[in-house]
Structure formats: structure tokens, C-alpha cells
Amino acid sequence: ALKKAYESEEPIIVTGWTPHWKFAKFDLKYLEDPKGSYGGEEEIHSIGRLGLADDLPEAHTILSNFNWSEDDMGEVMIAIQDGEKEEVAAQNWIDSNEDKVAEWTDGVAEVDGDEIKLAYVAWDSEIASHNVMKIVLEQVGYKVTLTQVEAGPLFTAVADGSADATLAAWLPITHKTYVDKFEGDFEDLGINMSGVKIGLVVPAYMDIN
């Protein structure tokens with residue numbers, strides 16, 4: 001609907017969030033939210049199951065070091081949106097950003113086929129981040145399984161240990177219900193992206209704020 005309206009320069013209002021590929025495709029702007037209905041700026045956190053540091057210390061280090069920008073993620077999302085296979089788009093980004101990947105893996109020793117399970121929600125942003133992380137972990141010797149689930153099962157899986165980690169915890173608002181429910185049952189490994197936002201979005205050509 002956004003694409004159709006945009007091509008005809010017709011007015012349209014959509015719910016939107018960043019990071020998302022549409023902001024790279026179209027010239028868009030957020031509407032002001034003076035009452036804070038959408039909660040303001042957020043962060044994406046990596047979280048892991050309890051005991052991850054002891055069981056998979058090298059992965060714990062990489063996941064804790066993982067941090068990238070909206071522009072980084074946007075490159076992968078746009079490539080996938082334009083028809084590139086997820087793993088190919090992720091590998092191309094890694095090949096072009098070896099210095100950044102080296103920061104995530106700094107001081108990490110190689111492992112010999114240790115298994116690690118990552119869970120993620122089926123959002124373009126998380127498809128991008130988890131495919132990149134899968135390759136990074138495989139490069140140091142891990143055998144990685146990606147499992148796509150909804151947000152509730154994602155937090156349940158990390159909390160009960162059936163998944164080792166996720167890069168997809170949007171805090172402090174979007175996933176607050178799950179964070180409160182499973183408080184103490186997982187480890188917050190840190191922020192992997194700042195400046196995350198949710199709100200109402202319009203094309204920049206619309207004379208509305």
C-alpha cells in the first residue's frame with residue numbers, strides 16, 4: 001500500500017519502525033508523537049540463557065560484543081528485499097565489513113563444532129542480524145541452528161534454555177511484557193543497536209507533522 005501510494009504521491013499513513021528497509025527505499029518521516037503513544041526511542045538487545053558464558057564462552061563473547069548501526073543492517077535488508085538470498089546478503093556484508101566483525105570476535109579462540117541455537121522473530125531486521133551472526137559464529141567453528149518463532153515463544157525458549165540466545169529483544173517497551181515475565185531467567189548481553197523507533201510514518205512529500 002505504501003509503495004502504490006508513494007509512486008502516485010498520494011497521502012498515506014502507515015505504522016513504521018526503524019530499522020526497516022522501507023526507509024532506505026522511500027523518503028519517509030515519522031509523525032510527531034507528543035503524548036508518547038509509541039513509547040519513544042528504544043534499543044535492540046542481545047539476550048542469552050543462563051549458563052551461556054560457562055557452556056559456550058566464545059559465543060558469549062561474540063554475542064556480547066555484537067553491535068552495529070541501522071545503516072549496516074539496512075544494507076543486508078535491502079539486498080534481501082531486492083531478491084538476494086539471506087545467507088548471501090549476510091556474507092556480502094561480512095566481506096565488506098571485516099574490521100567490524102573483527103571487533104566482535106576479538107580475543108575469541110576457535111571451537112570444534114560446538115552447537116548453538118539462536119531464535120529470532122520473522123522481522124526483516126532480525127532476519128538480517130541473525131543471518132550475519134550465524135556466519136560469524138560458523139567462522140569460529142560453531143554449528144549454528146536458526147529457529148524462527150513469535151516473540152512469546154522466543155523469550156520462553158531463551159528463559160527455559162531450549163534456545164541459547166537471540167539478538168531480537170526490543171527494549172524497554174516493545175518486549176516489556178516478556179522481560180517482566182521472565183526477569184531473572186535470562187542474561188542481558190548488551191545493546192546491539194541504538195536509536196530504534198516505532199511510530200506513525202508518512203512520505204516526506206506530505207505536508208503534515
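## E7 and its partner

E7 is exposed, because its relative accessibility is 56% (exposed means over 50% relative accessible area, buried under 20%, partly exposed in between; 1.4 Å probe, protein chains only). Its side chain meets that of K3 in a salt bridge, 2.6 Å from N to O (a side-chain nitrogen of Lys or Arg within 4 Å of a carboxyl oxygen of Asp or Glu). Both residues sit in helix α1 (residues 2-7), 4 residues apart, so about one helical turn separates them. Helices are DSSP runs of H or I with at least four residues, numbered from the N terminus.

## About the model

This is a predicted model: local features need pLDDT of at least 70, side-chain atom pairs count only at pLDDT 80 or more, and totals for chains, interfaces and linings use all residues. Residues are numbered from 1 along each chain as its sequence is written, and side-chain values use heavy atoms, without hydrogens and water.

## Other salt bridges

The whole structure holds 7 salt bridges. One of them pairs K100 with D72 at 2.6 Å, N to O. K100 lies in helix α7 and D72 in helix α5, so the bridge ties together parts 28 residues apart in sequence. D72 is buried, at 6% relative accessible area. K100 is partly exposed, at 26%.

K25 forms a salt bridge with D82, with the closest N and O atoms 2.9 Å apart. This pair links distant parts of the chain: K25 is in helix α2 (residues 22-25), and D82 is in the loop between α5 (70-81) and α6 (86-96), 57 residues away.

Definitions and conventions
Helices (H or I, at least four residues) and strands (E, at least two) are DSSP runs, numbered from the N terminus.
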